[in-house]
Amino acid sequence: MTNEVKEIFAGEAPPAPAALAAKVRTLAPSMTRSMQRVAEAVAADPAGCAALTVTGLAELTGTSEATVVRTARLLGYPGYRDLRLALAGLAAQQQSGRAPAVTADIAVDDPIADVVAKLAYDEQQTLADTAAGLDMTQLSAAVTALATARRIDIYGQGASGLVAQDLAQKLLRIGLMVHAHSDPHLAVTNAVQLRAKDVAISITHSGSTGDVIEPLRVAFEHGATTVAITGRPDGPVTQYADHILTTSTARESELRPAAMSSRTSQLLVVDCLFVGVAQRTYETAAPALSASYEALAHRHSPRGRSR
């Protein structure tokens, strides 16, 4: 386990049983292979693993007792005993009547009705995982920084760039000074101008996209408050982030690449930020939002359309 991962989860309360599976999915890519075996085992069979001692789980997964304990701590539990209690709670919830599992793997010959059902299930799971894994302290701090910012810069590439534009548009409509940058050169040259009262946000599913890490680094070094929205809480982008908002790393498939699955969770985080800022700045946000609606109202009226 890296020092960065330790620091990210230091001081967090242990996740609730319902959040355990989400945390496993989020952190598994950053674990060692032996720790992944432990995490996958507890997520796949919480009832069975809850009945095992630390030695028993180590033998089941072909690892060591130390690996089991390290995995429990990485998942947010002080020790293996606390993880066993969470597993027992998760097993009880599942036995109380949970919907049957649905595979999200989409085959090339799937009927369109099956495609819809699988995508809907996967979207719901992604949103639930993201909500369960969001650190409320980090989210609240990011909202506070945005609500009091002199200027906000947002960086994103590809599908994450679309999410960056979505957040910028929302914040503009409540009167904030915000820019979304998809051009990496412009992003860096603008980041140079940021100062202590400004906020910079990088959106990257992988956490390792250089074109959004570089401007965040520049903003960080110039004193701006920095936020990373990422699916990898131990990724390179987080070393320059004051606040880290973790999104679900939904499993991708041949017909559903990471760009699709990550966008869903990113948009949820973006909406949480926007609503939080609108609440904090309601006295100015409400009139600004009304003014933007009025300015565009004629475009939605039949009389305002060109003939």
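This is a predicted model: local features need pLDDT of at least 70, side-chain atom pairs count only at pLDDT 80 or more; totals for chains, interfaces and linings use all residues.
**Helices, salt bridges and a few well-placed contacts**

The count of aromatic pairs in this structure comes to one.

The buried residues of α9 are Leu139, Ala142, Val143, Ala145 and Leu146. Because these residues cover an arc of only 165° around the axis, they fall on the same side of α9. The face turned away from that buried side carries Met136 and Thr137, which are exposed. Thr137 also takes part in the capping of the helix: Asp135 caps the N-terminal end of α9, with a side-chain oxygen 2.9 Å from the backbone nitrogen of Thr137.

Buried in α10 are Ser160, Gly161, Val163, Ala164, Leu167, Ala168 and Leu171. They cover an arc of only 160° around the axis, so they lie on the same side of α10.

Charged side chains come next. How many salt bridges does a search of the whole structure find? The search finds seven. One of them is formed by Lys170 and Asp166, whose closest N and O atoms are 2.6 Å apart. Through salt bridges that share partners, Asp166, Lys170 and Asp271 are joined into one network.

A further salt bridge links Arg150 with Asp198, and here the closest N and O atoms are 2.8 Å apart. Arg150 lies in the loop between α9 and β1 (152-156), while Asp198 lies in the loop between α11 (184-191) and β3 (199-204), so the pair ties together parts that are 48 residues apart in sequence. Are the two partners buried or exposed, or partly exposed? Arg150 counts as partly exposed, at 48% relative accessibility, whereas Asp198 is buried, with a relative accessible area of 0%. The side chains of Arg151 and Asp153 also meet in a salt bridge, at 3.3 Å from N to O. In this pair, both Arg151 and Asp153 are buried.

An arginine can also be placed against an aromatic ring. Arg173 lies over the face of Tyr293, at 4.8 Å from the ring centre.

Two more residues complete the tour. Thr63 is found in the loop between α5 (54-61) and α6 (65-74). With a relative accessible area of 18%, Thr63 is buried, because the cut-off for buried is under 20%. The side chain of Thr63 is joined to that of Thr61 by a polar contact of 2.8 Å. Val212, in turn, is found in helix α12 (residues 210-221) and counts as buried at 1% relative accessibility. Where does Val188 stand relative to Val212, in sequence and in space? The two valines are 24 residues apart in sequence and 8.9 Å apart in space, C-alpha to C-alpha.

Technical notes:
Residues are numbered from 1 along each chain as its sequence is written. Side-chain values use heavy atoms; hydrogens and water are left out. Buried means under 20% relative accessible area, exposed over 50%, partly exposed in between (1.4 Å probe, protein chains only). Helices (H or I, at least four residues) and strands (E, at least two) are DSSP runs, numbered from the N terminus. The arc is that of the directions from the helix axis to the C-beta atoms. A polar contact is a pair of N or O atoms within 3.5 Å; within protein, one must be able to donate a hydrogen and the other to accept it, and residues adjacent in sequence count only if both atoms are side-chain atoms. A salt bridge is a side-chain nitrogen of Lys or Arg within 4 Å of a carboxyl oxygen of Asp or Glu. Rings of Phe, Tyr and Trp (its six-membered ring) pair if their centres lie within 6.5 Å; planes under 30 degrees apart count as stacked, over 60 as edge-to-face and the rest as tilted. A charge sits over a ring if NZ of Lys or CZ of Arg is within 6 Å of the ring centre and within 35 degrees of the ring normal.
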